Structure formats: C-alpha cells, structure tokens
Amino acid sequence: MRFDAITLFPEIFAGITGHGVTSRALSQGLWSFHAWNPRDYTQDVHRTVDDRPYGGGPGMVMMAAPLEAAVRDVQADRERLGQPRGQVVLLSPTGRRFDQSAAAQWIAGPGKILVCGRYEGVDQRFVDRCVDEEWSLGDFVLSGGELAALPMMDACVRLLPGVLNDDQSALQDSFHVNLDGLLDSPHYTRPEIYDGEAVPEALLSGHHARIARWRRDQSLRLTLARRPELIEQARRDGRLDKADEKLLLGLQG
Ligand SMILES: Nc1nonc1C(=O)N[C@@H]1CC[C@H](O)C1
C-alpha cells in the first residue's frame, strides 16, 4: 500500500516513518510513503502557497495552483510506476469521521493521496477539481491536516499483514470491527504486585477459558459504562452470547 502526503511540513511524518512498527514495516516494504511539498510547485520568488480570504475574515487560505500541481505530480508518478491512481483525500473537520472500519476500507485500496491543509483551509476550487473524499479525525480544529493524517495512516498500516508480529494483537485492539467492536479489556504486566496492588487472580490462573471470560466481562463492563451504544450495536449484530447477556442483565439490573 502506498501513501502520499501533500504537505508543507514533510518532517512531521517522521512520527510514523521513523519510529516503531510502522517504520519497520516501511523498511520491510510492507507499505511506502512519499511527501510532496506544495512550495516546490510555486512560481514566484517568495514561493507563495497561501493568501488572504476573499470576503474577509481571519487567517489565510491555501491557494489552489500549488496544491493541484502537487497532486498532478503524484498521479503522474503513480502512473509512471504502473501503480493504481488512488483517491485524493482532503483532511478536514467537514469530512466523514474516520474510524476503524474506515481503516479497514482504506487498506483494501491502493493507498490514498492525503492533502494536508494549513491555516484556515484550502481554496474550494482545488477541492472541486482534485479532491475525491474528505475525511475528519474528529469534531475539533487542528493546526494542520498532517495531525489528522498521521493517526489515520498509523491505524491503516497496523492492519497490514505482517506488520504486527502477532496478528491477533491487531484484533485485540479496541474497535477492531472484525472482532467484537467493544472496548478493550484492561492489561497487566510484571510485577505481579505493584505498590501493594495485585494483578487480577483470573489472569494468573493459566486457565485460558477463565481468562477469556474475565477479559470479555471486563470489556462488556467498560463498554456499558463508557460507550453503551456499542453494546446495542453488538446486540443488533448478534455478537453477544448468552453469557454476555447474563452479565449485562446483572449489571443493568
Ligand atoms: N479535525 C480534522 N480532521 O482532519 N483535519 C482536521 C482539521 O482540523 N484540519 C485543520 C482545519 C484547517 C487546517 O487546514 C487544518
């Protein structure tokens, strides 16, 4: 899978290209990344990429021409390499909300071209001419689209086969839609007693069915307390068994 980022700050992507499992996966060729700076596609001596908004208002807006020239170069590069075109994605609070199922969808494709805006946003004519999809990390305003692209890319790369040593660890992450869509159960590691606090006895039992039941119960309790709508969704999807329902009945009274 290939990700391209159109960004004024390519160095930000070192957060995933230079550290951790995503960096290792990159060096193993499990995915690829290319950053393209709109400033390299300017014609003026000041390498201007933004200007004041028509109609007034605070801040600056990114100009269409450098962004479009960068996107066209990415598309030409992919074509030259015989790679699929890939959808052009604008990161924006007005976009569709990204979640784990979106990550699963994204990795099914050739990899996105991620346009990372700065300032107040980008010229609408660029959006109309070049953008296929708009995606949002959440209902808040960031300083740049890069800060939304990073977690989205990380969520995708982690799902690629071979990236995580134990594929199950990806399945155990909260919200892995193929598993159960519930919140993850608590985790413990050495020491067995930490400042007088012991690890739950079930986890020390070595009894796999008992451990699995304990984890499932904890997951249900946590999800009921913090995200009850995910319980309802699991119920509608038929993903709760009799033991689950018995526990929930006891909790809800
Ligand atoms: N929330 C978000 N999910 O994706 N992107 C954002 C976001 O706040 N973007 C900023 C808005 C103006 C600036 O261009 C960058």
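Here are some friendly notes on this predicted model, taken point by point.

1. Ground rules. Residues are numbered from 1 along each chain as its sequence is written, and side-chain values use heavy atoms, with hydrogens and water left out. Because the model is predicted, local features need pLDDT of at least 70 and side-chain atom pairs count only at pLDDT 80 or more, while totals for chains, interfaces and linings use all residues.

2. Helix H6. This helix runs over residues 146-157; helices (H or I, at least four residues) and strands (E, at least two) are DSSP runs, numbered from the N terminus. Nine of the 12 residues are buried, where buried means under 20% relative accessible area, exposed over 50%, and partly exposed in between (1.4 Å probe, protein chains only). Among them are Glu146, Met152, Met153 and Val157.

3. The largest nonpolar core. It has 28 residues, and those with the most contacts inside it are Phe3, Trp31, Leu91, Phe98, Trp106 and Met153. Strand S1 (2-6), strand S5 (88-97), helix H4 (100-107) and H6 each supply at least two residues of this core, and H6 gives the most, with eight. A second, separate core of 20 residues includes Ile6, Leu8, Trp36 and Val115. For the record, a nonpolar core is a set of buried Ala, Val, Leu, Ile, Met, Phe, Trp, Tyr and Cys residues joined through side-chain atoms within 4.5 Å.

4. Trp31 up close. Leaving out residues up to four places away in sequence, Trp31 touches Met1, Phe3, Ile16, Thr17, Thr22, Ala25, Leu26, Met153, Val157 and Leu160. Contact here means heavy atoms within 4.5 Å.

5. The structure holds 19 salt bridges, each being a side-chain nitrogen of Lys or Arg within 4 Å of a carboxyl oxygen of Asp or Glu. One of them joins the side chains of Arg78 and Asp4 (2.8 Å, N to O). This pair links distant parts of the chain, with Arg78 in helix H3 (residues 64-80) and Asp4 in strand S1, 74 residues apart. Arg78 counts as buried at 1% relative accessibility, and Asp4 counts as buried at 0%.

6. Partly exposed charge pairs. Glu229 and Arg227 meet in a salt bridge (2.5 Å, N to O); Glu229 is partly exposed at 39% relative accessibility, and Arg227 is partly exposed at 32%. Arg235 and Glu245 also meet in a salt bridge (2.8 Å, N to O). Arg235 lies in helix H9 (residues 228-236) and Glu245 in helix H10 (residues 242-252), 10 residues apart.

7. Thr223. This residue sits in helix H8 (residues 208-226) and counts as buried, at 0% relative accessibility. Beyond its neighbours within four places in sequence, Thr223 is in contact with Leu182, Leu183, Pro228, Leu230 and Ile231.

8. A surface patch. Phe140, Leu142 and Leu147 make a nonpolar surface patch of about 240 Å². Patches are made of residues with over 30% relative accessible area and no salt bridge, with like charges joined within 9 Å and nonpolar side chains (Val, Leu, Ile, Met, Phe, Trp, Tyr) within 5 Å; accessible areas come from the Shrake-Rupley method with a 1.4 Å probe, and for residues only the protein chains shown count as cover. Phe140 is found in the loop between strand S7 (133-136) and H6, and is partly exposed at 41% relative accessible area.
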